[in-house]
Amino acid sequence: MFKGVKPISYGGREVLPLVEGGKGVSASNHASSGAWAAADGIGTVSAVNADSYDPEGRIVPQVYHALTRRERHEELVQYAIDGAVAQVQRAHEIAGGRGAININVLWEMGGAQRVLEGTLERTRGLVAGVTCGAGMPYRLSEIAATYGVYYLPIISSARAFRALWKRAYSKVPEWLGAVVYEDPWLAGGHNGLSNAEDPLQPQDPYPRVRELRATMREGGISDDVPIVMAGGVWNLQEWEHWIDNPELGQIAFQFGTRPLLTRESPIPEEWKQRLMTLEEGDVLLHRFSPTGFYSSAVRNPFLRALEARSKRQIAFTKEPIGDHEFQLDVGVGGKKNFWVTRGDLLHAREWFAQGYTESLKTPDETLIFVEPDDKMQIRKDQADCMGCLSQCSFSAWADNEKNSTGRLADPRSFCIQKTLQDIAHGGPVENNLMFAGHAAFRFKNDPFYSNGFVPTVKQLVERIQTGA
């Protein structure tokens, strides 16, 4: 029989050690996070370009009117703060004083510090903690301490936490609410794979988390400070040996994928139905994101088109050097200023004959071949950039004085803000980025979801507590 989980102390109250994963742009909002907290867990409002509302309760469309990227970035920051505040306030009302409400931010989102500070200033007393990943958020602890909330860094290795602890977090240890270990091979969304790790060789999370706890102990951090296991967690029976394990100390569990398929989940019905059809292997760990990070999403036509775009790629030189002795005579508007290998010239002619008659340069001295309409759309999306990331490889935006990475914009990537906003608000799931964890295929065969059953958040949390 499953021995179950015991409540933990968090935010001045006892809560279940069950955390709702905060899922990006409008995929987890007040409805899901408030319900999760009402079920005595820790609900997580995504503070990444969250929806805000007009006086009648209708979602305010995030329309950008400014002409320059810098001015549009200012609009985005204000949208983000207003949306996060609205979501927190509504989640707090739904929770009714039970559980706890966290907010989730990405350190690599544009204006991250301003958004976080602006949100916490206007939600004093409503937010228990801030989870933050996608980068090395050294200033997270300082900001959290200023507003009297916990900070929960999202890391994928003991090494990353050690760097954060030594440089910054050790100065305010009393506000460290938990450390979220996010499995970089199994979690949905952006993943924390380092250059030293092989994306095709997953590692067992247990020794990595054990090493993380040892690192925390070296810093004098109590075993009562939870490590939150995130990524690949489906049912707790499979993790029972982690519970009350003296090697690991206090463990909590984060669920990111399963809360997508609940009645309170704000994602569109088409997205929910698609989750029920996934097979094992349908979620791809890829590196097309303009953040430069690996990320995991459903390998739908949107991702397959990005894969194909990168495959239609050849290297070039500006002078005939070595094997690059053939002038490229297709796909460059008639200009013959690129030198390629004979094999790549043949590939380019083949793609040209298939309708990929336009070429675009990448920052890596290569060309990709696309259809004319795709080229126009890529250029438009790059021009419409509103600085949603601190650095964007797709548009070459950077959140600095020059508003530029100093590199050529990369047409092999895509506008992540555009596609995440579209899928979250009813756009076609096959033609947008559809984030999901690698365990999402389990929806199809889990008897809990048989006959198309979609639980409430309360029913899901109760089910999780049984171990199933």
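**Reading the model**

Reply: Let's start with helix α4 (residues 140-147), whose buried residues are L140, S141, I143, A144 and Y147. These five residues sit on the same side of α4, because they cover an arc of only 165° around the axis. The arc is that of the directions from the helix axis to the C-beta atoms, and buried means under 20% relative accessible area, exposed over 50%, partly exposed in between (1.4 Å probe, protein chains only). Helices (H or I, at least four residues) and strands (E, at least two) are DSSP runs, numbered from the N terminus. Before we go on: this is a predicted model, in which local features need pLDDT of at least 70, side-chain atom pairs count only at pLDDT 80 or more, and totals for chains, interfaces and linings use all residues. Residues are numbered from 1 along each chain as its sequence is written, and side-chain values use heavy atoms, with hydrogens and water left out.

Me: What covers the buried residues of α4?

Reply: The cover includes helix α3 (112-122) along with strands β6 (129-133) and β7 (150-155). Contact here means heavy atoms within 4.5 Å. Look also just past the end of α4, where G148 has a positive phi of about 70°.

Me: How should I read a one-sided helix in general?

Reply: An α-helix has 3.6 residues a turn, so residues three or four places apart point the same way. For another case, take α9, where D344, L345, A348 and W351 are buried. Those four cover an arc of only 125° around the axis, so they lie on the same side of α9. The face turned away from that buried side carries the exposed residues R342 and A353.

Me: Now single residues. Is N29 buried or exposed?

Reply: N29 has a relative accessible area of 11%, so it counts as buried. It's found in the loop between β3 (18-20) and α1 (30-38). Not counting residues up to four places away in sequence, N29 touches Y53, Q87 and P266.

Me: What about L284?

Reply: L284, in strand β12 (residues 283-286), is partly exposed, with a relative accessible area of 21%. With residues up to four places away left out, L284 touches S295, S296, A297, R299, L303, E307 and H438.

Me: Which residues are in contact with R274?

Reply: R274, in helix α7 (residues 269-275), is in contact with V298, V429, E430 and M434, leaving aside neighbours within four places in sequence. R274 and G452 are 178 residues apart in sequence, yet 12 Å apart in space, C-alpha to C-alpha.

Me: How do I read the empty space?

Reply: Rolling a probe the size of a water molecule over the atoms shows where empty space is left. On a 1 Å grid over the protein atoms alone, a cavity is a set of points where a 1.4 Å probe fits but cannot get out, and a pocket is an open set with protein on both sides within 12 Å along at least five of seven lines; lining residues have an atom within 4 Å of a point. Grid points are joined across faces, edges and corners, and a volume is the space filled by probe spheres set on the points. The count comes to four cavities of 30 Å³ or more. The largest cavity holds about 80 Å³ and is lined by 13 residues, with C385, C388, C392, S395 and C415 nearest its centre. The second largest cavity holds about 50 Å³, and its lining includes C388 as well as V48 and N49.

Me: And the second largest pocket?

Reply: The second largest pocket has a volume of about 530 Å³. Its lining has 24 residues, of which F302, R309, D374, Q377 and N431 lie nearest the centre. Helix α8 gives the most to that lining, with six residues.
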